[in-house]
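Open the model in your viewer and keep the sequence panel beside it.

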Amino acid sequence: MHLNQLENKTLKIEKQQIENQLYYLKGQINPHFLFNSLNVLYSLAIDEKKEITNAILQLSDILRYVIYDVNTDKITIKKEIKLLKNYIEFEKNRHVNNASITFNFSIAEDEEIYPMLLLPLLENSFKHGLKSGVQNPFIEIKLTSKNKKLDFIISNNYKEIKNNNKTENHGIGLKNIQENLAIIYPNKHLFVVTNNNPIFSVQLTLNLE
């Protein structure tokens, strides 16, 4: 096989790997999320709460984003923020009332990123933070982008949960994210996980050039 043919074959394999990873990223909202979401809507409907109208719209926007808006390789950061905000508002319907969730952002609206990179980190904070039974739960999110550089920091407190005398593993989902970043943003990202019990934080920095 000639050198050029070998290089072309290698490029095709790498492209297929990236497309497979993007497909995985776009499928992060899994059937468990949909099942739990329907339970939320059912509970709101049974109680005849006025929040059900907003909850339906929030879930609709989330699904529309996942199904239709991420068919391109990249998406505007503005749209990614809208996804995060809808997810936060929807999750508030099924979490403790005293939870503190803050989301501060300052972005360059014309900049773009690969879709569904940030949502798994937010899901992780809800799953292992607010759902852990910790007192005075909080999630703090900061997102900034400027001059083709994005910084995303998310922190939450948590209570360790042990199943069969084993501490619940937080690392599987984060490992998948790291593997995706290595393919999509090779040598253009910094991913730092800090676990100072009871505070867990993740910092993601991307070079968008």
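**Stop 1**

Select His189: its bridge partner in β9 is Leu206. Strands here (E, at least two residues) and helices (H or I, at least four) are DSSP runs, numbered from the N terminus. Two strands pair if DSSP finds at least two bridges between them. β8 and β9 run antiparallel and are joined by eight bridges. They form a hairpin, with two residues between the strands.

Now pick Pro198, in the loop between β8 and β9. The peptide bond from Asn197 to Pro198 is cis, with omega near 15°.

Residues are numbered from 1 along each chain as its sequence is written, and side-chain values use heavy atoms, with hydrogens and water left out.

Colour by pLDDT, the predictor's confidence in each residue, from 0 to 100. The protein averages 78, and 72% of the residues score at least 70. Confidence is highest in β9, at 96. It is lowest in strand β7 (residues 166-167), at a mean of 48. Where pLDDT is low, the predicted coordinates should not be read in detail.

**Stop 2: the whole sheet**

Select β2, β4, β5, β9 and β8. They make an open sheet of five strands in the order β2-β4-β5-β9-β8, with mixed pairing. The edge strands are β2 (100-106) and β8 (189-196), each pairing on one side only. On average, neighbouring strands are turned by 5° against each other, direction ignored. Such angles run from 0 to 180 degrees between N-to-C directions, and axes are lines fitted to C-alpha atoms, for helices over the stretch in contact.

**Stop 3: across the sheet, pair by pair**

Start at β2. Seven bridges join it to β4 (residues 138-146), and the two strands run parallel. Select Ile101: its bridge partner in β4 is Ile139. Then select Asn104, which stands opposite Lys142 in β4.

Step over to β5. β4 and β5 pair in the antiparallel sense over eight bridges. Thr144 stands opposite Asp151 in β5.

Which residue takes a positive phi in the hairpin of β4 and β5? Click Asn147, in the loop between these strands. Its phi is about 55°, although it is not a glycine. This hairpin has two residues between the strands.

Next comes β9. Nine bridges join β5 to β9, which run antiparallel. Ser155 has Ser201 in β9 as its bridge partner.

**Stop 4**

Contact means heavy atoms within 4.5 Å. α4 packs on the sheet, touching β2, β4 and β5 (149-157), and its direction makes about 170° with that of β2. α5 packs on the sheet too, touching β2, β4, β5, β8 and β9 (199-207). The direction of α5 makes about 10° with that of β5.

**Stop 5: helix against helix**

How do the axes of α4 and α5 cross, and at what angle? Helix α4 (residues 77-91) and helix α5 (residues 119-128) have axes that come within 10 Å and cross at roughly 20°. That makes α4 roughly parallel to α5, a label for angles under 35 degrees; over 145 is roughly antiparallel, 65 to 115 roughly perpendicular and the rest oblique. The crossing is right-handed, meaning that the near helix is turned clockwise from the far one by less than a right angle.

Last, show side chains. On α4, select Glu80, Leu83, Leu84, Tyr87, Ile88 and Glu91; on α5, select Leu119, Leu122, Glu123 and Phe126. These residues make the contact.

Definitions and conventions: Predicted model: local features only at pLDDT ≥ 70, side-chain atom pairs only at ≥ 80, totals over all residues.
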